[in-house]
Amino acid sequence: MGEGEENVEDKKVMDISLKDLSRILEDFAKARDWEKHHSPRNLLLAMVGEVGELSEIFQWRGEVEKGLPNWEEADKEHLGEELSDVLLYLIRLADICEIDLADAATKKIVKNAIKYPAPIKKLS
Ligand SMILES: Nc1ccn([C@H]2C[C@H](O)[C@@H](COP(=O)(O)OP(=O)(O)OP(=O)(O)O)O2)c(=O)n1
């Protein structure tokens, strides 16, 4: 097990930065000599594959209620894993492309707020 991996597997992580996850994924790939496979295109295709696996969980279920009240715990756990696979490939893709994802996402939220201003609430 590489540096940082024990930490994320053994206890519930309440807060971790995108940068920390990036470094863990970099170490993970280095330890397995996978860096040669982690090209932007390969990572993008792997991520899209995981989006497909994520979609399969929702496929044929009909509309799903917020909080997934009627789901089995095992299905919720599976959902968490597929969401994580998408996130991890996205973070790795951004890192390999030398995009600071936290910075880019924060700037994009600001841009969205300018494009879609919230309606002004009247004082009553
Ligand atoms: N070359 C690789 C292969 C895997 N992973 C990591 C990123 C994902 O989080 C996870 C994906 O692993 P699998 O390809 O085994 O996919 P699943 O975990 O979805 O397994 P399965 O497809 O059997 O459900 O492993 C990676 O970084 N680089």
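Biologist: How do the residues of the shell around the ligand divide into nonpolar, polar and charged?
Modeller: This is a predicted model. The ligand is surrounded by W34, H37, E53, D85, L88 and Y89. By class, that shell divides into three nonpolar, one polar and two charged.

Biologist: Which helix gives the most to the shell around the ligand?
Modeller: The shell residues include D85, L88 and Y89. Helix α4 covers residues 73-96. With three residues, the top contributor to the shell is α4.

Biologist: Is α3 roughly parallel or roughly antiparallel to α4?
Modeller: The axes of α3 (residues 40-58) and α4 come within 9 Å and cross at roughly 160 degrees. Angles over 145 degrees count as antiparallel. That crossing therefore makes α3, relative to α4, roughly antiparallel.

Biologist: In which hand of crossing does α3 pass α4?
Modeller: The two axes cross at roughly 160 degrees. For α3 passing α4, the crossing is left-handed.

Biologist: How many nonpolar residues are in the contact of α3 with α4?
Modeller: On the α3 side, the contact includes L43, L44, M47, V51 and L54. On the α4 side, L79, L83, V86, L90 and L93 are among them. One polar and five charged residues also take part, and the nonpolar count is 15.

Biologist: How is α2 placed against α4, roughly parallel or roughly perpendicular?
Modeller: Helix α2 spans residues 18-31, and its axis comes within 9 Å of the α4 axis. The two cross at roughly 85 degrees. Angles of 65 to 115 degrees fall in one class, so α2 against α4 is roughly perpendicular.

Biologist: Which residues of α4 make the contact with α2?
Modeller: From α2 come L18, L21, S22, L25 and E26. By class, the whole contact has five nonpolar, one polar and three charged residues. The α4 side is L88, I91, R92 and D95.

Biologist: How far apart are the end C-alpha atoms of α2?
Modeller: Helix α2 has 14 residues. At 1.5 Å a residue, they should span 20 Å. The model agrees, with the end C-alpha atoms apart by 20 Å.

Biologist: Which residue just after α2 takes a positive phi?
Modeller: Helix α2 covers residues 18-31. Just after α2, a phi of about 55 degrees belongs to D33.

Biologist: Which residue with a positive phi follows α3?
Modeller: Helix α3 has 19 residues and reaches 28 Å, close to the 27 Å expected. After α3, the residue with phi near 70 degrees is W60.

Note on methods:
Residues numbered from 1 in each chain as written. Predicted model: local features only at pLDDT ≥ 70, side-chain atom pairs only at ≥ 80, totals over all residues. Axes fitted to C-alpha atoms, helices over the stretch in contact; angles between N-to-C directions. Helix = DSSP H or I, 4+ residues; strand = E, 2+ residues; numbered from the N terminus. Parallel < 35°, antiparallel > 145°, perpendicular 65-115°, else oblique. Contact = placed C-beta atoms within 7 Å. Nonpolar A, V, L, I, M, F, W, Y, C, P; charged D, E, K, R; others polar. Near = placed C-beta within 6 Å. Left-handed = near helix turned anticlockwise from the far one by under 90°. Expected span 1.5 Å × (residues − 1).
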